[in-house]
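Biologist: I am new to this structure. Please show me how to read it.

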Amino acid sequence: MSYLDHLRELRNRLLFCFAFLFSSFLVCFYFSDIIAKILINPLFQITENDGKRMIFTSLPEIFTSNLKISLFTSFLCSFPLFIMQFFFFISPALYKKEKKFFSPILFLIPILFTLGLVFSYFFLIPVVWNFFLSFENLLDGSLNVELESKYSEYMKLTMNLLFASGLSFLFPILLIALAKLKILSVNQLKKNRKFFALGIIIFSAIVTPPDLISQIGIAIPLLIFYEISIIFIHSFILKK
């Protein structure tokens, strides 16, 4: 296949991905109210308030937030397709052994990413919301301090936590792929453990809100995945 043929194939695959993303965006925007209720549900389950409400401070805020929600959800729906198209594009350059090794990973990536979303939605987000809500009424009743959550800020914070958690669950895939391609070795992972740990802490601080709870909630799985990746690489990749 010539260089121009590769470019045409890349163009076609990108156009296909964009068309799927746009189509899923339209569907998600149509159901944006339902998606928003799902994202808001963890907060309302904690507050247990009959008068469930949120506020918005600008006229287009709900509309623009729903656009972001729809784009975010459509990206999550399109993510497996993006991975498949990327793999199909690079597969002609891989050897049979490499194809055999990376094919299961192709299906494992969306599974792990989804597990990260589930972990964030059912565990991390409730813990973080409980932490934030614990600051209500800290003045012993002398001043009534209650939450009036802003719609756009809440959605932004929730989507950031979901996406950060999904990415963190892909961390072992990255390490295993780099080890298979001989870019990293087990000795490098062991010797530079403290530098990777520092990088994980910095990553957790960047992608999460400025609170210790959410940062720990992202950092701990990453550190666990790091150690599991070393064991997996040593047990399965080096022995092949």
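Biologist: How far is the sulfur of C28 from the closest cysteine sulfur?

Modeller: First, the ground rules. This is a predicted model, where local features need pLDDT of at least 70, side-chain atom pairs count only at pLDDT 80 or more, and totals for chains, interfaces and linings use all residues. Residues are numbered from 1 along each chain as its sequence is written, and side-chain values use heavy atoms, with hydrogens and water left out. A disulfide is a pair of cysteine sulfur atoms within 2.5 Å. The sulfur of C28 lies 4.6 Å from the closest one, in C77, so that is too far for a bond. For C17 the closest cysteine sulfur is also in C77, at 14 Å, again too far. The whole structure has zero disulfides.

Biologist: Is C28 buried or exposed?

Modeller: Buried means under 20% relative accessible area, exposed over 50%, and partly exposed in between (1.4 Å probe, protein chains only). C28 has 7% relative accessibility, so it counts as buried. C17, at 10%, is buried as well.

Biologist: At what angle do α2 and α5 pack?

Modeller: Two packed helices are described by the angle between their axes and the distance between the axes. Helix α2 (residues 32-47) meets helix α5 (residues 151-168) at about 90°, with axes 11 Å apart. That makes α2 roughly perpendicular to α5 (65 to 115 degrees).

Technical notes:
Axes fitted to C-alpha atoms, helices over the stretch in contact; angles between N-to-C directions. Helix = DSSP H or I, 4+ residues; strand = E, 2+ residues; numbered from the N terminus. Parallel < 35°, antiparallel > 145°, perpendicular 65-115°, else oblique.
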